[in-house]
Amino acid sequence: MGDNDPAARKKDKKSRHKKKRRRDDDEERKAKKHKKEKKRLKKESVGDDDDASGDAKKVRKAAKKAKKEKTRKQKELDEKIVSSSAIEYYPDELKSKQLAKNQEDEKQKAVAAAAAAVAAAKEKELSAATKVNNITLLLFYQYVEPCWDDEQFQVALKFVTDQGNKYGLTGRMRVAKEGLNCTLTGSHDGIRNWCAALRTFDGGRSKIDEVTGEKITEFATTEFKLTDDLPPKQRFPKLHAFEVVEIVNYGLAGNRAPEIAKYGGTHLEPEEYNKKMCEKDTVIIDVRNHYEANIGRFNPPEGGAKMIDPMMRKSTEFPIWLDKPETKEMLRGKQVLMYCTGGVRCERASALLKQKIDTEDDTKSLGIKGVYQLQGGIDKYFKQFPEGGLWKGKNYVFDKRFSHAPPKVEAVGRTKKVLGGDEAAKVEMVVDGIPASAAEEILGSCEGCSKPWDMYRGKRRCPTCGVPSLICRECFDNDKSGIKKLGKEIRCDLCVAEDVRNKQQLREREEREMKEYENNIKQKLGEKYEPYMQRKHAVTRKPKPNPERITRLFLKNMCAKQMDEEKLLEFLHPAKVTHIQWLTDRNTGAFYGSAFIEVKTAEDAGSVLAVNGTTVLGRRITVKYQKSDEKSIWPLPGTEVVEKLNQQY
C-alpha cells in the first residue's frame, strides 16, 4: 500500500489519536497522583503544625495565667483604696509610684477611648476634663423644710441633673421633695463648680437676710465633703438621678416625718464628739445597718460611753427598734450620741427620738439628758482624726472604695504592701501611745470559714435576708470554681445569731413587728394616720415594652383593708389611670385585693407594669397586661376615676 492509500491514512490517523488519548490519560493519572501526594503531605504538615499549635496554645495559656496572676496580685495591692486624706501621709517613693500608676491607667484609658473615638466622643470629652490623678468624690445631703411642691421638685431635679451633665459628674443622686442625698465623682474643678452652682440655686423660693439684705438659698450652708486624688478607676460610669419619697428610707414620709429644724439632734464636730464618747452615762447608737458595723465601729474607752448596735438590716427597722420597751430602757437616764457614714441617717433618727421625748409620755419619763449627732459622720471624723481616734476597723461606704480605714492607717498598710515594713515604720504615727496600725485590726470574719475578714466583694448576698455576704477570697474562689460551693446554710452573722433559717421565717417576723408598730402609730396619730407606703421610683422607672398597645391591666395581691383609689393613684403616679374596677367577693361584696384598671395611654400601661413586684402597704403587688375581650364591655360604666384625685398626682 502506498502513502496515498486513503485506508492507510485513516488507520494511521486513528492510531495517533489513540496514542494521544493514552498520553493524556497517563498525564491525568500522574496529575491526580501528584495532587493526592501533595494533599497527603499537606495533611502531615498540618498535623505537625497542630502539634506546634498545641504547644503554642499551652504557651499562650501559661502567659494568660501568669498575666491573670499578676493582675490578681496587683488587685490585692489595691484592696485598700486610697482616700484624699490618705495619700498625703505616703512616703515620697510610694506617692510617686501611686501617681505614676494612676497616670499609666489614665494613658491606657485614653488609648482605648481613641480607638472608639466616634462612638465614645462624649466620653472622650469627659475623660479629657478629668485630669490625671484628679478624681474627686463628693458626699453631701440636705433636707429642705418645708418640702418642695411638685413644681419646685421638678425644677430642682432638672437643675441638679443639667448641672451634673454640664460639669461631667457621675454617680447617684437621691432626689425627693424633702431634699437631696448625693454620692458623685468628677474632676477636681468639675465637682467644685457643681457645688458652687448648687449654692446659688434657690428652688424658686429664696429668702432675704433681714440683716445683710442678701439672698439666702436653700443650699447656702450645705456641708460638702470632698475626697481628692482618688484613682481614675473609682469614677462612677454614669450619672443617675433617682426620684424617691425619702432621701433615707425610714418609712417616715408625709405627716410621719419629724421636723428636723424643730426636733433635730445637736450637731457636734468630731473633736467635741470624741470627748463626749469618753463620758459616763452615755450611749452611742450606730444608726447604720449591722453589716456595716460588723467591719468597723467606734470603741469608746473603759468607763466611757456604751455602744449600741440596733442590729438592723435596713433603715426602715429603726423606728420599730426605737419603739421597743427594751430599747427605751437602754436610753434611760443617758445622754444619747448617734453616728452614721456621712450624717444624713442621723438627721431623721435624732429628730424622731427628740420628737418622742417631747410628745410621748413614756419616752419623756426616761429622763434622757440630750440627743447629739456626729457632724459630717465618720467621713469627717477621719479627716479630723487621720490616725483613727476612737475608731476600730473599716468604714463601709457606698461608692467604689467599698470600705477604707482612717487615712494614716490606710497609708501605713499600703506602704507595708508596696515598699515593706521599714518604710511603713516611717509613716506610722503614735497618738496617746497607740500606733496608727493598731486601728487596722480586722473586726469581721468570713461567713464561710470564720477567718478574720473585712472586705465585702462579689455579688453574693445572705440567702435568708439579702444583705451583702462577708466572704473571704479563698471561699469566694472555691465557690466560683466549684471546689466548695457556698450553700444556703452559709448565712450572715445576724441571721445566725437570731437563728433565722429561711426567708418566710424572717418575713413573718417583720410583718408581725410592722403590724404592732403600725397599730401604735395609728393610736398616736388618730385621724391623721396614713399607712406606710413604699413607692417605686417614678421618674427613673423605665416603662415595660407594650407592642400590642394594651391599656388595660390586672393588679392583684393588694392590701384589701387599706388600699383605696387615692392610694392606688399615688402609687401608680405618673401613669394616668382613667378607670378602676375593684373585684369583690360575690357573696360578701368585700374587696379581696384585685382590680382591673384602664390607663390613658399605652406608655402609661408600660409604666404601671414596671411596678410589678413592688411592695405597697406591706403587700407585694402583681401587675400584668390584660387585653379586653372584644365581646365584653370595657371600661365598665361607673368605674371612672375621680378627676380631682387624678389631677392631684
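Biologist: Leaving aside its neighbours within four places in sequence, which residues is Asn 546 in contact with?
Modeller: This is a predicted model: local features need pLDDT of at least 70, side-chain atom pairs count only at pLDDT 80 or more, and totals for chains, interfaces and linings use all residues. Numbering starts from 1 along each chain as its sequence is written, and side-chain values use heavy atoms, without hydrogens and water. Contact means heavy atoms within 4.5 Å. With neighbours within four places in sequence set aside, Asn 546 touches Ala 602, Ala 605, Gly 606 and Tyr 625.

Biologist: Is Asn 546 buried or exposed?
Modeller: Asn 546 lies in the loop between α19 (503-525) and β19 (552-556). Buried means under 20% relative accessible area, exposed over 50%, partly exposed in between (1.4 Å probe, protein chains only). Asn 546 has 12%, so the residue is buried.

Biologist: What is the strand order in the open sheet of 5 strands?
Modeller: Strands are DSSP E runs of at least two residues, and helices are H or I runs of at least four, numbered from the N terminus. Two strands pair if DSSP finds at least two bridges between them. Pairing here is parallel, and the order is β8-β13-β12-β9-β11.

Biologist: Which residue in β13 does Gln 335 stand opposite?
Modeller: Strands β12 (residues 335-339) and β13 (residues 370-374) pair in the parallel sense over 4 bridges. Opposite Gln 335 stands Gly 370.

Biologist: What angle does helix α12 make with β13?
Modeller: Helix α12 (residues 344-359) packs on the sheet, touching β8, β12 and β13. Axes are lines fitted to C-alpha atoms, for helices over the stretch in contact, and angles run from 0 to 180 degrees between N-to-C directions. The angle between the directions of α12 and β13 is about 180°.
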